[in-house]
Amino acid sequence: MSLSKLAIACSVALGAMTLTLAPASFAATAEANPKAVKAVKAKPKAKTTKAKAAAKEAHPLAMSVADKEESDEPDTAGSASTDFNCELGNKITIYTNATDDKHIALRWKKRLHRLSRVGTTTGANRFENRLYGLVWIGIPAKGMLLDSKQGRQLANECKDAEQAKPTAVVEAAPSLGVLPATGG
């Protein structure tokens, strides 16, 4: 065998060995340097327009119009405000607009959030900001602020000035079977 044929045969053999050892060396490289793997991987074919649109919608950082509205600080000009004092010294201010009963602005911890009305079957007023996970539930006796992402209460027993007024004790009436005491 001539020297040139021997060199070619060795080159072919080394190439075959490199191909069979490549997966093991590639895995070792992936563990050692993940960024290098990205450079080595082949790029996928270009996505179609539909695939690009679906990927944009599925992307967790893509923001919908509703999310964009919820992330913006709401304008409270011309809104009526109601202050709530909650247990543990927490304070909440709710801004309502007579022309828009679908949204409220809620001030919590020096930050103003826009919340949207969610329908309920109980008659409670429920407003949500899904982006931040805030949920305000208002019933005639009190309000409460929840964190839906962490599944916990942020503020409870929130009462405005009207709700905080003590309720009058109704005196027993004869119709209830209790007779008033007589002085005789």
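**Strand pairing and pockets in the predicted model**

Strands β4, spanning residues 111-118, and β5, spanning residues 125-129, run antiparallel and are joined to each other by three bridges. Within this pairing, S116 has E128 of β5 as its bridge partner. The coordinates belong to a predicted model, and the features described below are to be read accordingly.

The β4 and β5 strands belong to an open sheet of eight strands, in which the order is β1-β2-β3-β4-β5-β6-β7-β8 and the pairing is antiparallel. The edges of the sheet are formed by β1 (80-85) and β8 (152-158), each of which pairs on one side only. On average, and with direction ignored, neighbouring strands of the sheet are turned by 25° against each other.

Strand β5 also contains N129. This residue counts as buried because its relative accessibility is 0%, a value under the 20% that sets the limit for that class. A polar atom of the N129 side chain lies 3.0 Å from the backbone nitrogen of Y132.

At least two lining residues are supplied by each of β1, β2 (91-97), β3 (100-108), β5 and β6 (134-138), with the largest share, four residues, coming from β3. In terms of residue class, the lining of the largest pocket comprises six nonpolar, eight polar and five charged residues.

The second largest pocket has a volume of about 170 Å³. Its lining is made up of P74, D75, T76, S79, Y95, N97, D100, H103, I104, A105 and R114, and the elements that contribute two or more residues to this lining are β2 and β3. Here β3 gives the most, with four residues, while the division by class is four nonpolar, four polar and three charged residues.

Conventions: Residues are numbered from 1 along each chain as its sequence is written. This is a predicted model: local features need pLDDT of at least 70, side-chain atom pairs count only at pLDDT 80 or more; totals for chains, interfaces and linings use all residues. Side-chain values use heavy atoms; hydrogens and water are left out. Two strands pair if DSSP finds at least two bridges between them. Axes are lines fitted to C-alpha atoms, for helices over the stretch in contact, and angles run from 0 to 180 degrees between N-to-C directions. Ala, Val, Leu, Ile, Met, Phe, Trp, Tyr, Cys and Pro count as nonpolar, Asp, Glu, Lys and Arg as charged, and the others, Gly among them, as polar. On a 1 Å grid over the protein atoms alone, a cavity is a set of points where a 1.4 Å probe fits but cannot get out, and a pocket is an open set with protein on both sides within 12 Å along at least five of seven lines; lining residues have an atom within 4 Å of a point. Grid points are joined across faces, edges and corners, and a volume is the space filled by probe spheres set on the points. Buried means under 20% relative accessible area, exposed over 50%, partly exposed in between (1.4 Å probe, protein chains only). A polar contact is a pair of N or O atoms within 3.5 Å; within protein, one must be able to donate a hydrogen and the other to accept it, and residues adjacent in sequence count only if both atoms are side-chain atoms.
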